Amino acid sequence: MADRLGTGVDVRRLLAGEGGVGSLEAHYQPLVELASGRVVGAEALVRWRHPERGLVLPDAFLGAVSAGGLDARLDEAVLREVAADLARWRGQGLEPVPVSVNLSRGSLVDPDLADRVVAVLEHHGIPSGLLHVEVTEHQELPDDDVVAGNLEALVAAGVDVHLDDYGTGYTSMDYLQRFPVAVLKLDRAVTTTVDGGRRPVVAGITAMASTLGLDVLAEGVETVAQRDALLALGIRYGQGWLFGRPEPAADHVRRVLGGGARATGALEVPAPRETPTASPQRA
């Protein structure tokens with residue numbers, strides 16, 4: 001109990017910009033084209049660099065963030081960190097891949113969300129196409145015009161919307177009807193069983209997405225067998241430990257944006273057994 005209370009106090013101080021409690025960091029996990037290993041984007045995942053506890057993973061502090069009603073403030077802090085990283089990389093002459101940032105319910109119900117996101121991009125001189133936003137399927141969002149209006153305004157400004165954790169919640173079809181989604185991100189619970197009993201489920205989701213003109217990206221790809229099974233079902237993109245764990249900005253630059261594998265446009269992963277015949281419409 002004392003540890004949870006201490007975490008809550010430190011989190012509040014952190015998001016208020018006070019010193020002595022460390023800083024937030026965005027770590028980046030690559031999103032890849034499954035057939036080639038080509039990096040097409042990255043997801044920004046927040047970490048807390050604490051002066052005493054070291055690198056704190058989100059499971060250890062997101063509960064305190066939510067309990068304190070600080071979700072929207074955390075979202076904005078991560079957005080600003082990502083925008084600053086993108087601006088710095090562009091200033092160094094690098095070509096960043098688009099970065100996906102998660103938005104909580106607290107942010108999505110704010111009528112000023114879209115304006116604030118666009119303002120951050122403009123402040124840092126970031127093209128809107130370099131930012132994607134993710135809405136998780138597990139969030140219960142109000143059925144009013146605010147959330148849809150925010151997402152539609154972001155899409156109009158050039159920011160893509162991804163529906164995260166797809167395939168395990170109860171809001172799947174509802175959110176597809178209400179929101180301007182471009183990409184479905186299959187939950188890792190679905191991906192990890194794709195070469196087993198849930199293969200027909202994934203095939204059905206892929207067929208539905210194709211009909212709607214949406215891409216599918218599979219989260220939690222950990223093995224070559226999973227990657228090959230996803231390719232056989234026509235899924236073009238993936239994310240997971242097979243391609244890389246979330247890594248600090250400096251490592252992301254070295255491995256993805258700088259020399260080495262990036263020189264050939266692809267990460268070093270085993271080639272597929274055969275070339276898939278199906279391909280979604282969007283890159």
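Visitor: In which sense do strand β7 and β8 pair, and over how many bridges?

Guide: In this predicted model, strand β7 (residues 183-186) pairs with β8 in the parallel sense, and the pairing runs over four bridges. Two strands count as paired if there are at least two bridges between them, so β7 and β8, with four bridges, are called a pair.

Visitor: What makes β8 and strand β9 a pair?

Guide: Two bridges join β8 to strand β9 (residues 237-238), and these strands run parallel. Since the requirement is at least two bridges, the two found here meet it, and therefore β8 and β9 pair. Across this pairing, Ala-218 stands opposite Gly-238 in β9.

Visitor: How do you know that both faces of strand β8 are covered?

Guide: Asp-215 and Leu-217 lie on one side of β8 (residues 215-218), with Val-216 and Ala-218 on the other, and all of them are buried. Buried means under 20% relative accessible area, so each of these residues falls below that cut-off.

Visitor: Why is helix α3 called roughly parallel to α5?

Guide: The axes of α3 (residues 71-91) and α5 (residues 113-124) come within 9 Å and cross at roughly 25°. Angles under 35 degrees count as roughly parallel, and that is why α3 is described as roughly parallel to α5.

Visitor: Which residues of α3 and α5 meet, and how do they divide?

Guide: In α3, Glu-76, Leu-79, Arg-80, Ala-83, Ala-84 and Ala-87 meet Arg-116, Val-117, Val-120 and His-124 of α5. The residues of this contact divide into six nonpolar, one polar and three charged.

Notes:
Residues numbered from 1 in each chain as written. Predicted model: local features only at pLDDT ≥ 70, side-chain atom pairs only at ≥ 80, totals over all residues. Heavy atoms only, no water. Axes fitted to C-alpha atoms, helices over the stretch in contact; angles between N-to-C directions. Parallel < 35°, antiparallel > 145°, perpendicular 65-115°, else oblique. Contact = heavy atoms within 4.5 Å. Nonpolar A, V, L, I, M, F, W, Y, C, P; charged D, E, K, R; others polar. Buried < 20%, exposed > 50% of the residue type's maximum accessible area, 1.4 Å probe, protein only.
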